[in-house]
Amino acid sequence: MYIPSGFGETRQDYIEDFIRKHAFATPISADNRRPVATHLLLDLTEGPASRLLLGGHIAKVNPQWRTFHDDQEILAVFSGPHAYISAAWYSVNSAPTWNYVNVHVYGLPRIIEDNVELYSLLKRLVDRQEQHSPAGTRYRLETLPKGVLESMMHAVVGFEITVTKIEAAAKLSQNRNPDDYRNIIEKLRERGDPPALEIAEEMMLRKTD
């Protein structure tokens, strides 16, 4: 990923929190030199020797999983908030731009063959999302009839990606003077749409780092 000077993000805790918050990612691999991609949930965990791992599953009818080879890196893109920044918000003549936060994760994939391991992965994915629902209403894999669960598991392919490299960019007007920086935050808040408000919040957090 090209990262403009001054906009690289290196804080490991921030990056890991970002990946977990924006877990609906885009893994990209190559099929005969042609890129292929799918949009799906990836779960970040820590494996042996503190290696970061991404776990996920893909529909068995989706041919992309056949491009996953344990000696060939794939790329998972995690996209965060983004918003247009008008040049009218600056105190000097300049060009409009776009503020954003993105993370690219490279890694080596492994297809999960063992059903016990696959079930553990699927349960973790479900439980992590269901924790946001009231306790008495949460969906749980362990409550499904055995035949239904087996049918569901047979329809997917689980995989794990051992992370080899992470690149992160947080382009949040860090190159602007303090007055312009504050004005951009105010204008984004005035605009009021969710992406603008998220970018304004990211800028406020960065301002107080």
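Guide: Along the sequence, the elements of the protein come in the order α-β-β-β-β-β-β-β-α-α-β-α-α. In total there are five helices and eight strands, where helices (H or I, at least four residues) and strands (E, at least two) are DSSP runs numbered from the N terminus. The model is predicted, so local features need pLDDT of at least 70 and side-chain atom pairs count only at pLDDT 80 or more, while totals for chains, interfaces and linings use all residues. Residues are numbered from 1 along each chain as its sequence is written, and side-chain values use heavy atoms, with hydrogens and water left out.

The C-alpha trace spans about 65 × 45 × 35 Å along its principal axes. Of the 209 residues, 43% are buried; buried means under 20% relative accessible area, exposed over 50%, and partly exposed in between, with a 1.4 Å probe and protein chains only. Among contacts (heavy atoms within 4.5 Å) with a separation of 6 or more, 71% join residues 24 or more positions apart.

Helix 2 has 16 residues, and the distance from its first C-alpha to its last is 22 Å, close to the 22 Å expected at 1.5 Å a residue; the expected span is 1.5 Å times one less than the number of residues. Which residues of helix 2 are buried? They are Leu118, Leu121, Leu122, Leu125, Val126 and Glu130. Seen down the axis of helix 2, these buried residues fall within an arc of 160°, so they line one face of the helix; the arc is that of the directions from the helix axis to the C-beta atoms. An α-helix has 3.6 residues a turn, so residues three or four places apart point the same way. The partners against which the buried residues of helix 2 pack are strand 3 (40–41), strand 4 (43–46), strand 5 (52–59), helix 3 (146–154) and strand 8 (156–171).

On a 1 Å grid over the protein atoms alone, a cavity is a set of points where a 1.4 Å probe fits but cannot get out, and a pocket is an open set with protein on both sides within 12 Å along at least five of seven lines; lining residues have an atom within 4 Å of a point. Grid points are joined across faces, edges and corners, and a volume is the space filled by probe spheres set on the points. One cavity of 30 Å³ or more is counted, and the largest cavity has a volume of about 40 Å³. Its lining consists of Arg20, Ala23, Leu41, Leu42, Asp43, Leu125, Arg128 and Gln129. By class, the lining of the largest cavity holds four nonpolar, one polar and three charged residues, with Ala, Val, Leu, Ile, Met, Phe, Trp, Tyr, Cys and Pro counted as nonpolar, Asp, Glu, Lys and Arg as charged, and the others, Gly among them, as polar.

The largest pocket holds about 240 Å³ of space. Of its 14 lining residues, Lys60, Asn115, Leu118, Met153 and Val156 lie nearest its centre. Helix 2, helix 3 and strand 8 are the elements that give two or more residues to this lining. The lining of the largest pocket divides into seven nonpolar, three polar and four charged residues.

Some sites elsewhere in the model complete the view. The loop between strand 4 and strand 5 contains alanine 49 and serine 50. Phi of alanine 49 is near 60°, a positive value in a residue other than glycine, and phi of serine 50 is likewise near 60°. Alanine 49 counts as exposed because its relative accessibility is 74%.

In helix 1 (residues 12–21) lies isoleucine 19, which is buried, with a relative accessible area of 2%. Beyond its neighbours within four places in sequence, isoleucine 19 is in contact with Leu44, Leu54, Phe78, Val103 and Val105. Isoleucine 19 and phenylalanine 78 are 59 residues apart along the chain, and their C-alpha atoms are separated by 6.5 Å.

Helix 4 (residues 178–191) has buried residues as well: Asp180, Tyr181, Ile184, Ile185 and Leu188. They cover an arc of only 145° around the axis, which puts them on the same side of helix 4. Pro178, Asp179 and Glu190 are exposed on the other side of helix 4.
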